[in-house]
Structure formats: structure tokens, C-alpha cells
Amino acid sequence: MSMANAFDVALVALLLAIAVWVVVARAAFSAIVVFIAYGLLVAIAWVRLFAVDVALTEAAIGSGLTGMLLLGAAARLRGTTASGRCGLTLRIVAAMFCAMISLGLGAVILTPPDVVVTLAPAAMANLPPSGLGNPVAGVLFVYRAFDTLLEKVVLLLALLGVWSLTPDRLWGGVPGPQVDAGPDGMLAFLAQLLPPLGIVVAVYMTWTGADHPGGAFQGGTVLAAMWIVVIIAGLQNAPSIDQRLVRFLVVVGPAIFLGIGLAGFALADGFLSYPAGYAKPLIIVVEVALTLSIGVTLGLVALGTPQRMRRQ
Amino acid sequence: MNAATLFGICGAALAGLGLFGLITNSEPLRKILAFNLLGTGTFLIFGVVARRGAAAGLGGDPVPQALVITGIVVAFSATAMAVVLLLRLFEESGKATLDPNEADGASTAEDDS
Amino acid sequence: MRLALDIFTALAVAGGAFFFLAGTVGLLRFPDTLTRLHALTKADNLGLGLVTLGLLPLVAWPLGALKLISVWLFVQLSGAIATQLIARLVRREDPQA
């Protein structure tokens with residue numbers, strides 16, 4: 001067994017052990033912390049599968065933002081009594097059912113098709129006209145741009161769903177609890193040092209996503225994370241949800257994307273097709289607008305429903 | 001067995017584990033955690049399909065990889081909605097469980113109009 | 001030259017792995033939170049630092065090397081902040097600890 005194989009086996013064993021820990025842990029807090037570590041290990045597994053863009057997205061959104069969201073929820077739900085554990089027969093039946101599903105999926109994995117159908121050659125062959133070097137970015141913004149547009153709309157709908165659960169008396173209020181962290185505390189130090197570096201990293205990840213692994217979603221998530229660090233350190237207040245600037249930033253990404261898509265009817269072959277020679281600049285405009293929008297939307301979704309009214 | 005098949009089997013096992021946690025855990029927050037486990041396991045299976053489609057000098061087929069990126073973002077959106085619904089349930093009723101027979105879990109329930 | 005660099009990489013990464021092991025053993029065996037934090041910082045600083053040092057000959061110079069070093073610095077920053085926060089919380093909850 002070569003070194004690479006030994007590493008893969010160790011990683012898979014660790015992943016399964018940690019997943020079992022997440023399912024059977026008693027306290028929600030420890031389960032969520034272990035889940036964050038699990039997400040980072042899955043990101044390493046993605047690198048081993050030669051999908052670096054996915055690894056970046058998993059580490060940022062799948063592990064980081066989801067873990068933060070769940071930790072906040074666990075903190076607010078602390079003290080609720082756990083309902084009784086479900087009966088032994090249900091657990092045995094569920095275990096058999098899930099084992100069957102796992103075995104079925106495993107059988108599908110272990111019987112690969114004789115002829116592998118792959119779109120990689122087609123993706124690489126059609127990449128030069130768009131000026132991109134990263135085939136995943138090509139898929140996201142040229143071949144399947146419709147999916148990316150709808151994905152952004154799904155994020156927007158999630159934000160609307162989160163905001164729609166505001167109690168009536170708190171409409172227009174500020175999400176997140178009041179933070180009393182002192183301006184000379186540790187979190188304040190982090191919130192002064194990290195965001196400038198984080199913004200540079202986010203811009204770099206978005207810019208280099210055209211030719212190397214990266215992209216708008218990964219960069220936007222780092223922007224959202226920097227914003228959340230500043231808010232939870234108490235250096236800035238979370239914006240109230242009826243501010244026009246916030247709503248404009250949330251909408252500008254999908255709006256520009258949709259506008260360029262509709263302009264494709266007049267200037268090129270159809271919806272979301274780019275006119276020849278202008279593909280790269282248009283994609284850059286779309287990516288920049290999307291990064292900004294994704295940063296603000298993810299930050300607002302992670303902050304949750306308004307908890308208090310803005311002080312007048 | 002090569003790396004891709006190994007990770008595929010791992011993904012299948014993770015999907016089964018996540019489904020088990022989703023069915024048997026009684027707290028909604030733990031169900032949301034198990035749902036995320038199920039999601040990452042399924043995405044790993046997609047990743048194996050992508051890795052097997054390596055051609056034209058690439059390490060993997062980029063189309064399933066882009067689908068997985070979309071899937072991760074959508075899974076996060078679903079998790080966020082579920083968490084906010086759970087917190088709202090807790091604010092309204094004072095308990096964080098979907099069991100109608102469960103006794104009141106914690107402090108006062110808010111009265112919202 | 002290549003052989004000397006490879007030996008250097010192997011030694012440095014092995015040293016880093018040793019410090020990671022020592023930090024994990026400390027995390028599991030030390031009696032209370034503050035001593036466990038002390039063990040973890042050894043893994044962060046020395047362990048990751050030696051691994052980064054060992055990987056430097058393998059990456060493109062200078063940008064790749066700068067990226068590796070900045071990864072190490074970011075991990076140190078976040079580790080230091082988290083350690084301080086946990087330690088202050090422990091100190092606040094139990095002044096005799």
C-alpha cells in the first residue's frame with residue numbers, strides 16, 4: 001500500500017469515527033464542535049479527490065458558517081431538556097434501514113460503468129472563448145450559469161425566509177444580541193487585525209478564481225466572516241434590516257447577473273449567453289457583484305432574525 | 001481499490017450514518033446536524049463520480065464539482081432556515097422539541113401578537 | 001542539493017509531527033483547562049512551524065513560500081486569540097484555578 005493510500009485510509013477511518021461521534025454525542029455543544037472538525041476533514045478529502053474549489057467551499061460554508069450558525073443556536077437553546085431517547089425497536093429498524101441504504105450506495109460505487117461518461121474534454125475545449133482558465137468557473141458562469149443564478153436566488157430566498165420569521169413588534173430591528181465587548185478586549189483586537197487581511201484574502205480568492213481554484217462564493221464567504229467578526233466583537237453594530245444600503249447590496253449581485261442574462265437576448269444567442277469577445281469582462285463584473293452580494297447575504301443569514309430595535 | 005472508490009464508500013457510510021442520526025435523534029438541533037452529515041456524504045459520492053471522469057488533463061470532471069458547490073450553498077441555506085424556525089419555535093413555546101406531549105422545557109414563552 | 005533538501009524536509013516535518021503528538025498527549029493527560037491550553041499552543045506554534053519550514057523547499061519561491069508562512073501566522077493568530085478567550089473565561093469562573 002503506497003503512502004497516498006495509507007493517508008486516504010487513515011482519513012476515511014477518522015471521518016467515520018468523527019461522524020459516529022457527532023451522531024451519538026450527548027451534549028449538543030460537543031457534537032457541533034466535532035462537526036466543525038469533521039467539515040475541515042471533509043475539505044481535506046475533497047483535495048484528495050482533486051476538487052480544490054469544492055474543498056474551499058466546504059471549509060468555508062459547510063464547516064465554518066454552518067458550525068457558527070449551529071453554535072449560536074445551541075447557545076440560545078441551552079437548558080432545554082432533552083426529550084426522551086426513542087425506543088430500542090425504532091433504533092434497530094432505523095439502523096437496518098440506513099444500513100440497507102448505505103449498502104445500496106456502496107454497491108453503486110463499487111460497480112463503476114465500463115465506459116466513463118465525462119464532460120471534461122468538452123468543458124476544456126470550449127473554455128478558451130470565454131477567457132477563463134479554471135474549468136469549474138467555466139461551468140459555474142458559462143455552461144451552467146442558470147444554475148448559479150438560481151443558487152443566488154435560493155440564498156436570497158433563505159434570507160427572506162429568515163427575515164419573515166421576525167416577530168411583528170421587532171420588524172425593522174437589528175439582528176443579533178447586544179454585544180458589550182470592551183474596545184480593548186481580545187475579540188476587539190482580533191476584529192481590528194483580521195478583517196483587513198481577510199478582505200485581501202477574499203479579493204484574491206475571487207480574482208484568482210478565473211484561472212485557479214477560487215471564485216465568488218469562496219471570496220464572498222470570507223467577506224461575510226470578516227463582517228461577522230467585527231459585529232460579534234462589538235466594534236460595529238449589525239445593520240437593522242430595513243436599511244436601504246443593506247437591501248441594495250443584497251440585491252445588486254443577482255440583479256446584475258439577471259440583467260446581463262437578459263441582455264444576452266439582444267446581444268448574443270439567448271438567455272445568459274455572452275457576446276463574443278466580451279465574455280471575460282462581463283464574467284468579471286458578475287463575479288464582483290456576486291461576491292459583494294454573497295458576503296452581505298451570508299452574513300445576514302448567519303446573524304438571524306432581529307432581536308431588538310435599533311436605539312433611536 | 002483506488003482513492004476515489006474508498007472515498008465513495010466513505011460517503012455511502014456517512015450518508016447512512018446521517019440518516020440514522022436524522023431518524024433516531026429526538027432533538028431538532030441534532031436532526032439538523034445529522035442532515036448536514038447526510039449532505040456531505042452525498043456530496044462525496046458526487047465527488048467520486050467527478051474523479052472518475054478525469055480527462056483532458058484535469059483531475060476531475062468539472063461539471064459534478066460545480067454541482068456540489070451549488071449543493072453546499074443550498075444545504076447551508078436550508079440549514080439556516082431550519083435553525084431559524086427552531087429558534088422561533090423555542091421563543092414562541094418555550095420548548096425546543098416537536099413532540100406535542102413533551103413537558104415545558106425551559107423559561108417563559110413569549111407572547112407575540 | 002536535492003537530497004539535502006529532502007532530508008531537511010523529512011526531518012522538519014517529523015519534528016513537527018512529534019510536537020503535534022506531544023500537544024495531543026498533553027491535551028488528553030493534563031489535569032485542567034489552563035495546562036491543556038499550554039499543551040495545545042505547542043502544537044500550534046512549534047508543530048505547525050516546523051511542518052511549514054519543512055515544506056518550504058517544495059513550493060514555488062517566493063509566492064508559494066509566502067502563502068505557507070501566512071497560513072502559519074493566521075493559525076497562530078487565531079490560536080492565540082482563542083487561547084486568551086478560553087483562559088480569561090476560566091479565570092473569571094474560577095479565580096483559584
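Select A:Leu272, which lies in the loop between helix H10 (244–267) and helix H11 (279–303) of chain A; helices here are DSSP runs of H or I with at least four residues, strands are runs of E with at least two, and both are numbered from the N terminus. Phi of A:Leu272 is near 60°, a positive value in a residue other than glycine. Most residues other than glycine have a negative phi, and most peptide bonds are trans. A:Leu272 counts as buried because 23 C-beta neighbours lie inside 10 Å; a residue is buried if 20 or more other C-beta atoms lie within 10 Å of its own, exposed if 12 or fewer, and partly exposed in between, with C-beta atoms placed from the backbone.

Before you go further, keep in mind that this is a predicted model, in which local features need pLDDT of at least 70 and side-chain atom pairs count only at pLDDT 80 or more, while totals for chains, interfaces and linings use all residues. Residues are numbered from 1 along each chain as its sequence is written, and chains are lettered from A and ligands numbered from 1 in the order in which they are written.

Next, select A:Phe50, in the loop between helix H2 (28–48) and helix H3 (52–76) of chain A. Its phi is also positive, near 60°. Is A:Phe50 buried or partly exposed? A:Phe50 is partly exposed, because 18 other C-beta atoms lie within 10 Å.

Move to A:Ala28, which is found in helix H2 of chain A and counts as buried, with 23 C-beta neighbours inside 10 Å. Leaving aside residues up to four places away in sequence, A:Ala28 touches A:Ala74, B:Glu27, B:Leu29 and B:Arg30; two residues are in contact if their C-beta atoms, placed from the backbone, lie within 7 Å. If you also select A:Arg78, you will find its C-alpha atom 8.8 Å from that of A:Ala28, although the two residues are 50 apart along the chain.

Now colour chain B on its own. It has 3 helices and 0 strands, and 60% of its 113 residues count as buried. Pick out H2 of chain B, whose 25 residues reach 37 Å from the first C-alpha to the last, close to the 36 Å expected at 1.5 Å a residue; the expected span is 1.5 Å times one less than the number of residues. This helix is mostly covered, with 21 of its 25 residues buried.

Show chains A and B together. Among the 2 pairs of chains that touch, the most contacts are between chains A and B, and this contact takes 75 residues from chain B and 82 residues from chain A. On the side of chain B that touches chain A, the largest share, 22 residues, comes from H3(B). By class, that side has 46 nonpolar, 19 polar and 10 charged residues, where Ala, Val, Leu, Ile, Met, Phe, Trp, Tyr, Cys and Pro count as nonpolar, Asp, Glu, Lys and Arg as charged, and the others, Gly among them, as polar.

Within this contact, select helix H7 (residues 145–164) of chain A together with H3(B), which pack at an angle of about 10° with their axes 9 Å apart; axes are lines fitted to C-alpha atoms, for helices over the stretch in contact, and angles run from 0 to 180 degrees between N-to-C directions. That angle makes H7(A) roughly parallel to H3(B), a term for angles under 35 degrees. Residues making the contact include A:Val154 and A:Ala158 of H7(A) and B:Val73 and B:Ser77 of H3(B).

Then select B:Leu14, which touches residues including A:Leu15, A:Ala19 and B:Leu37, not counting residues up to four places away in sequence. B:Leu14 is among the residues with the most contacts inside the largest nonpolar core, which has 126 residues; such a core is a set of buried Ala, Val, Leu, Ile, Met, Phe, Trp, Tyr and Cys residues joined through C-beta atoms within 7 Å.

Finally, turn to chain C and select C:Pro62, in the loop between helix H2 (33–55) and helix H3 (63–93) of chain C. The peptide bond from C:Trp61 to C:Pro62 is cis, with omega near 0°. No contact joins chain B and chain C, whose closest C-alpha atoms lie 20 Å apart.

Key
Parallel < 35°, antiparallel > 145°, perpendicular 65-115°, else oblique.
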